[in-house]
Amino acid sequence: MKNILFVDDDAQASLAFSSAFADSDYTVICVDSGVEALVILEGLNIDIVVCNLKTPDMDGIELL
């Protein structure tokens, strides 16, 4: 199974994104900050990262 990390501080966007992949072979992990994303990236094998450019603690470009 492939892992997608979705980074967005908008809870509705995270819900919509994870719902879109509910019946797929992907596991979606949603976090609301770049700092949380870095913790996930240290501990899990992530295949795809989708992130918002404007998050509270760091922007998406800095995260990537």
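Trainee: Is Leu-53 buried or exposed, and where in the chain does Leu-53 lie?

Mentor: The general idea is to compare the relative accessible area with a cut-off, and a residue counts as exposed when the value is over 50%. In this predicted model, Leu-53 has a relative accessibility of 51%, so Leu-53 counts as exposed. Leu-53 is placed in the loop that runs between strand 3 and helix 3. Leaving out residues up to four places away in sequence, Leu-53 touches Asp-59, Gly-60 and Ile-61. The C-alpha atoms of Leu-53 and Phe-17, which are 36 residues apart along the chain, are separated by 16 Å.

Trainee: Which class does Val-49 fall into, and what does Val-49 touch?

Mentor: Values between the two cut-offs are called partly exposed, and Val-49, with a relative accessible area of 33%, belongs to that class. Val-49 has its place in strand 3, and, with residues up to four places away in sequence left out, Val-49 touches Leu-5, Leu-41 and Leu-64. Val-49 and Val-28 are 21 residues apart in sequence, and their C-alpha atoms are 9.9 Å apart in space.

Trainee: What pattern do the helices and strands follow along the sequence?

Mentor: The chain holds three helices and three strands, and, read along the sequence, they follow the pattern β-α-β-α-β-α.

Trainee: In what order do the strands stand in the sheet, and is the pairing parallel or antiparallel?

Mentor: In general, strands of a sheet pair through backbone hydrogen bonds, and the pairing can be either parallel or antiparallel. In this structure three strands form an open sheet in the order 2-1-3, with parallel pairing. Strand 2 and strand 3 (48-51) stand at the edges, and each has a single partner strand, so one side of each is left without a neighbour in the sheet. Neighbouring strands of this sheet are turned against each other by 20° on average, with direction ignored.

Trainee: How many bridges join strand 1 and strand 2, and which residue stands opposite Ile-4?

Mentor: Strand 1, which covers residues 2-7, pairs with strand 2 in the parallel sense over six bridges. Ile-4 stands opposite Val-28 in strand 2, and Val-7 stands opposite Val-31 in strand 2. Helix 2 (residues 34-43) packs on the sheet and touches strand 1, strand 2 and strand 3, while its direction makes about 165° with that of strand 1. Strand 1 is mostly covered, for five of its six residues are buried.

Trainee: Which residues make up the largest nonpolar core?

Mentor: The idea is to look for buried nonpolar residues that are joined through their side-chain atoms. The largest nonpolar core here has eight residues, namely Leu-5, Val-7, Ile-29, Val-31, Ala-37, Ile-46, Met-58 and Leu-63. Strand 1 and strand 2 each supply at least two residues of this core. Taking Met-58 by itself, and not counting residues up to four places away in sequence, one finds that Met-58 touches Gly-34, Val-35, Leu-38 and Leu-63.

Trainee: Where is Asp-25, and which residues is Asp-25 in contact with?

Mentor: Asp-25 lies in the loop between helix 1 (11-20) and strand 2 (26-31), and with a relative accessible area of 61% Asp-25 is exposed. Leaving aside neighbours within four places in sequence, Asp-25 is in contact with Met-1 and Lys-2. The C-alpha atoms of Asp-25 and Met-1 are separated by 5.8 Å, although these residues are 24 apart along the chain.

Trainee: How does the radius of gyration of the chain relate to that of a compact globule?

Mentor: A compact globule with 64 residues would have a radius of gyration near 11 Å, and the chain has 11 Å, which agrees. The C-alpha trace spans about 30 × 25 × 15 Å along its principal axes, and buried residues make up 28% of the 64 residues. Among the contacts with a separation of 6 or more, 56% are between residues 24 or more positions apart. The accessible surface comes to about 4,100 Å², and 55% of that surface belongs to carbon and sulfur atoms.

Definitions and conventions. Residues are numbered from 1 along each chain as its sequence is written. This is a predicted model: local features need pLDDT of at least 70, side-chain atom pairs count only at pLDDT 80 or more; totals for chains, interfaces and linings use all residues. Side-chain values use heavy atoms; hydrogens and water are left out. Helices (H or I, at least four residues) and strands (E, at least two) are DSSP runs, numbered from the N terminus. Buried means under 20% relative accessible area, exposed over 50%, partly exposed in between (1.4 Å probe, protein chains only). Contact means heavy atoms within 4.5 Å. Two strands pair if DSSP finds at least two bridges between them. Axes are lines fitted to C-alpha atoms, for helices over the stretch in contact, and angles run from 0 to 180 degrees between N-to-C directions. The radius of gyration is taken over C-alpha atoms; the globule rule is 2.2 Å times the number of residues to the power 0.38. Accessible areas come from the Shrake-Rupley method with a 1.4 Å probe; for residues, only the protein chains shown count as cover. A nonpolar core is a set of buried Ala, Val, Leu, Ile, Met, Phe, Trp, Tyr and Cys residues joined through side-chain atoms within 4.5 Å.
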